[in-house]
Amino acid sequence: MNHARRVAYWAVPSLLCLAVHWYGFNSWFQADDFAWLGLGLDVHDWRSFLDAMFSPRAQGTVRPWSERAYFMGFYSLFGLDALPFRIWVFLTQVANLVLVASIAARLTASRAAGFWAAVFWGVNASLAQVLAWSSAYNQALVTFFILLSFHFLLRSIETGRRRYEVAQWIVFLLGFGAQELNVVYPALAGGYTLLCARKHFRRTLPLFAVSIAYTAAHMLLIPRQTTGLYVMHFTSSVLRTLATYWSWTVGPPWLVVPWKISVAWVVAGVVLVSIPLLAFAVRRALRGDRLPSFFVLWYVAAIAPVLPLRDHLTEYYPFLPAIGLAMLGGFALVVAWRRNAAWKAAAVLTAAVYLVMAVPSARAAGEWFYNRSRRVERLVLGVERAHELHPGRTILLHGVDETLFWMGVLDRPYRLFGAQVFLTPDSEKMILANPAYGDVAEFVLPPEATARALDRDAVVVYDVSGERLKNITSTYSRSFANKGATPRRIDATSPLMDYLLGPTWYKGDPQTRWMPAKATFRIAGPASPSEKLYLRGICPEKLLAAGPVDVTVTADGIPLAPARITPANASFEFAFTLPARLVGKDAIEIGIAVSRTFVPPEDGRELGLAFGTFEVR
Amino acid sequence: MRNLIITTLTLSLLFAGISCKRRDRVRVQHTEEEAPQLATTVHMADPRSSSQLLSGFHDIEQNAWRWTTGKFAVLLRAPRGSAEKGALLRLKFSVPEPVIGKLNAVSLKAVIHGTGLAPETFTQPGEFTYERDVSATLLGKDSIKVEFVLDKWLPAGAVDQRELGVIVSSVGFESK
């Protein structure tokens with residue numbers, strides 16, 4: 001192989017991948033990205049840094065390399081410029097593609113098979129989301145760790161050198177910091193050695209011990225989800241989910257292609273690709289070649305951890321598993337190419353059907369992510385500009401639709417630049433409720449508070465429905481009719497709610513508002529006897545150091561059930577039953593008193609509890 | 001491994017090139033602003049609304065307050081719904097000791113469209129709020145000129161080179 005061919009061999013799959021996923025390369029941030037970007041806001045010292053890096057977050061996950069370090073590091077260097085984030089993702093993907101080509105070539109003893117494996121995987125539609133969305137970077141990075149571990153396993157088997165085995169172990173252990181999916185690596189290593197290099201099988205058994213220990217620790221330490229999308233279902237749904245992901249791997253996710261054709265054609269395409277692949281694996285297995293079986297095993301083992309997530313089907317879950325089928329496809333293509341014209345034609349046809357489904361779907365998915373992220377970019381950067389133009393004033397967003405809310409508001413990107421943002425009253429009517437992800441009402445400013453804020457010039461209102469944010473404060477103010485009563489929900493942090501709070505409260509900060517020993521606030525009375533009063537807040541560690549803190553709450557002077565805060569519920573949400581006689585009252589006065597306060601020397605104020613929200617619901 | 005490193009580095013340079021090229025792009029304007037509108041309340045500390053101080057205000061002092069002359073006027077936006085419900089006019093000010101010491105008492109009244117609101121007399125030094133109901137008939141327009149008139153003031157040269165009335169911190173309308 002001459003130099004040019006060698007360069008092409010390694011670079012073409014990556015460049016093809018870049019071309020197919022070009023929209024992803026140009027995407028901006030969206031959704032969970034903002035939660036991760038804001039992680040550094042809570043880092044003030046070494047301890048809070050370690051907490052940000054290693055404490056369990058979303059769904060109890062701990063992914064220091066792929067989420068914590070990635071977002072905090074890049075955000076501190078580049079701010080809200082998404083391009084460096086995307087470049088890093090694509091560089092990781094380049095490394096993955098090189099590793100796939102290298103591994104497939106070693107396994108099959110065919111450089112062509114390695115090349116085609118990398119090409120087939122690089123254009124797969126399951127890559128689109130990972131390459132377009134920074135929050136899915138964990139998939140690319142854990143795949144890198146797994147591929148690199150496997151590469152070292154192969155080198156260890158080839159050379160018998162201990163250093164490769166050590167390298168395999170180091171990379172494998174580091175992989176747990178990328179994503180939990182790393183637990184499948186022993187299945188891949190063990191599966192390969194068992195099927196294709198049996199005398200090395202025993203050396204992989206300690207890897208299983210690590211994965212089992214990790215899984216046990218994870219199950220023990222991380223609370224298991226009992227409701228919502230992440231509940232695991234160990235039923236026959238596992239097989240249905242497997243079939244779904246298979247079809248999304250050899251065909252397009254959701255079986256959707258960007259042409260107006262019947263889904264039956266897509267299903268036919270999936271069958272046309274699946275049958276030759278599986279037939280090839282079976283035929284080779286019958287002849288004693290178990291390598292294709294290992295490729296199928298790769299797919300099944302890598303997809304297995306997500307199969308119980310029946311209610312959380314995700315387009316990018318086949319990202320790592322698809323490598324197994326890509327290697328199978330590359331190998332099958334090369335084997336067929338060595339046979340007669342009929343075999344060649346069948347192989348080319350199968351590959352063509354796959355590419356015809358995969359490439360346009362991947363591009364369409366990338367374009368969809370790109371367009372959505374660009375809308376979010378216009379919104380977030382528009383709000384940042386509005387905050388610069390109107391410092392100290394709260395920004396009210398008018399015309400936020402469902403996409404903008406879930407992708408650009410829910411994760412509060414505005415705290416990155418210190419803006420206070422709400423949606424205009426009635427915005428919730430434009431957004432379909434989805435309690436599993438969040439409560440729209442939390443973000444909507446109550447009508448009464450809106451009217452007061454408009455009267456005091458405390459807000460600027462922007463219409464977000466167009467290409468640019470448009471300041472409509474005066475026209476909105478003129479047309480706004482205050483038909484509101486006392487709010488049922490109070491964001492204690494917002495200065496717009498000051499008028500509902502008694503005189504003892506301290507000034508709110510972006511996340512909480514502190515009370516001293518006693519405080520009061522006004523809120524709407526319950527509409528029915530079943531409605532309760534919810535108080536959400538935190539009790540500082542320093543206050544709990546001297547023992548539990550008792551909280552006394554009254555409603556219009558009537559004592560409610562006593563509450564106690566201990567270290568176990570330092571971050572609390574109390575629900576109080578309200579007296580029946582308060583039902584239907586326009587407003588009630590709530591009194592809060594704590595049994596103990598403290599005065600931080602660096603602050604000087606007498607502090608009791610810090611609150612986020614009060615609500616009657 | 002060598003292939004991995006070489007390929008990754010080569011493509012790093014490629015991506016870095018793309019990155020540098022993109023960074024030169026002109027950023028789009030992210031918001032479309034409406035013409036500046038009058039504030040319903042003018043805080044002396046807020047330089048953005050200083051253009052609403054029409055006459056009779058001296059330079060800002062300590063970024064918080066301004067001396068007035070014997071007559072001073074301000075332009076305010078009528079608050080929402082005031083054309084139907086009327087509004088409250090509120091002037092927050094202080095009468096310093098030297099003023100009371102020299103003048104004994106000071107009377108202040110507001111005038112809107114030639115209609116005088118009830119005056120109030122101050123005989124002690126200190127901080128005060130002059131607050132009056134303004135009827136809806138006086139608030140039919142978007143912008144309202146409000147004049148304040150003192151019955152007595154310190155003429156220029158009495159204690160300062162300037163004519164001095166009271167010290168104002170804010171003036172504005174509030175919805176009813």
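**Figure 1. Strand β4(A) and strand β1 of chain B pair across the two chains.** Two chains meet here in a parallel pairing, in which 2 bridges join β4(A) to β1 (residues 31–32) of chain B; strands count as paired if DSSP finds at least two bridges between them. Glu32(B) in β1(B) is the bridge partner of Lys470(A). Helices (H or I, at least four residues) and strands (E, at least two) are DSSP runs, numbered from the N terminus. The model is predicted: local features need pLDDT of at least 70, side-chain atom pairs count only at pLDDT 80 or more, and totals for chains, interfaces and linings use all residues. Residues are numbered from 1 along each chain as its sequence is written, and chains are lettered from A and ligands numbered from 1 in the order in which they are written.

**Figure 2. An open sheet of 5 strands includes β1(B).** The strand order is β2(A)-β1(A)-β3(A)-β4(A)-β1(B), with mixed pairing. β2 (421–423) of chain A and β1 of chain B stand at the edges with a single partner strand each, so one side of each has no neighbour in the sheet. Within the sheet, β1 (residues 394–398) of chain A and β3 (residues 459–463) of chain A pair in the parallel sense over 5 bridges. Val459(A) in β3(A) is the bridge partner of Thr394(A).

**Figure 3. The side of chain A that touches chain B draws on several elements.** The contact takes 34 residues from chain A and 24 residues from chain B, two residues being in contact if their C-beta atoms, placed from the backbone, lie within 7 Å. At least two residues of this side of chain A come from each of α1 (3–20), α6 (83–108), α17 (341–389), α19 (447–455), β4 (469–471) and α20 (473–479). The most come from α6(A), which gives 10 residues. By type, the residues on this side of chain A are 19 nonpolar, 7 polar and 8 charged; Ala, Val, Leu, Ile, Met, Phe, Trp, Tyr, Cys and Pro count as nonpolar, Asp, Glu, Lys and Arg as charged, and the others, Gly among them, as polar. The model scores ipTM 0.73 and pTM 0.84.

**Figure 4. Leu496(A) is buried in a loop of chain A.** The loop runs between β5 (489–491) and β6 (513–514) of chain A. Leu496(A) counts as buried because it has 24 C-beta neighbours inside 10 Å; a residue is buried if 20 or more other C-beta atoms lie within 10 Å of its own, exposed if 12 or fewer, and partly exposed in between, with C-beta atoms placed from the backbone. Not counting residues up to four places away in sequence, Leu496(A) touches Thr394(A), Leu445(A), Ala449(A), Ala453(A) and Ala458(A). The C-alpha atoms of Leu496(A) and Val459(A) are separated by 8.7 Å, although these residues are 37 residues apart along the chain.

**Figure 5. Side chains alternate along strand β7 (residues 518–523) of chain A.** β7(A) pairs with β13 (residues 588–594) of chain A in the antiparallel sense over 6 bridges. Ile523(A) stands opposite Ile588(A) in β13(A).

**Figure 6. Helix α12 (residues 201–221) of chain A lies largely in the open.** Of its 21 residues, the number buried is 2, so α12(A) is largely in the open. At 1.5 Å a residue α12(A) should span 30 Å, and its end C-alpha atoms are 31 Å apart, which agrees; the expected span is 1.5 Å times one less than the number of residues.

**Figure 7. The largest nonpolar core has 186 residues.** Such a core is a set of buried Ala, Val, Leu, Ile, Met, Phe, Trp, Tyr and Cys residues joined through C-beta atoms within 7 Å. Val100(A), Ala101(A), Ala117(A) and Leu188(A) have the most contacts inside this core. Among the residues that Ala117(A) touches are Val100(A), Ala101(A), Ala104(A) and Ala326(A). Another core lies apart from it and has 38 residues, including Phe57(B), Val74(B), Trp153(B) and Leu164(B).

**Figure 8. Pro36(B) lies in a loop of chain B.** The loop lies between β1 and β2 (41–43) of chain B. Pro36(B) is exposed, with 10 other C-beta atoms within 10 Å. From C-alpha to C-alpha, Pro36(B) and Ser49(B) are 9.9 Å apart in space, and they are 13 residues apart in sequence.
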